[in-house]
Amino acid sequence: MRINLSSVFVDDQDKALRFYTEVLGFVKKTEVPLGEHRWLTVVSPEDPDGTELVLEPDSHPAVKPYKEALAADGIPATSFAVDDVHAEFDRLRKLGVRFTQEPLELGPVTTAVLDDTCGNLIQIAQYA
């Protein structure tokens, strides 16, 4: 058994696609029209056949309160691995990304938390 898909709920799929591709650096993998929304996934360019991240519409009534509660408590919706948190923090900061947590070293892991502009906090993590 392996993880094939993971989802992040977004308030606007077009805005999310731009942020996740043009800013974070993922690449679009799948886009299938489904009425008002799309089945829309991105992947790491380093692993194009790896786990896909679904940019899932947050239109279900339970989702917005869930997202708001996580963000209010500073809890990331998901975490992405990076080789160097400090370098990625600097790169993204220069692109205008807002961070809610600057790089923080916690033993064998260094983390930072950013706002994805779509209602989520996202952690980036570097493991020693």
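Start by selecting helix 2 (residues 63-72), whose buried residues are V63, K67 and L70; buried here means under 20% relative accessible area and exposed over 50%, with partly exposed in between (1.4 Å probe, protein chains only). Helices (H or I, at least four residues) and strands (E, at least two) are DSSP runs, numbered from the N terminus. This is a predicted model, in which local features need pLDDT of at least 70 and side-chain atom pairs count only at pLDDT 80 or more, while totals for chains, interfaces and linings use all residues. Residues are numbered from 1 along each chain as its sequence is written, and side-chain values use heavy atoms, leaving out hydrogens and water.

Now look down the axis of helix 2: its buried residues fall within an arc of 65°, so they line one face (the arc is that of the directions from the helix axis to the C-beta atoms). Strand 1 (5-10) is part of what covers them; contact means heavy atoms within 4.5 Å. On the face turned away, find the exposed residues E68 and A72. Just after the helix, click on G74, which takes a positive phi of about 75°.

Finally, zoom in on strand 7 (residues 109-115) and strand 8 (residues 121-127), which run antiparallel and are joined by 7 bridges. Here T110 stands opposite Q126 in strand 8.

Conventions. Pairing = 2+ DSSP bridges.
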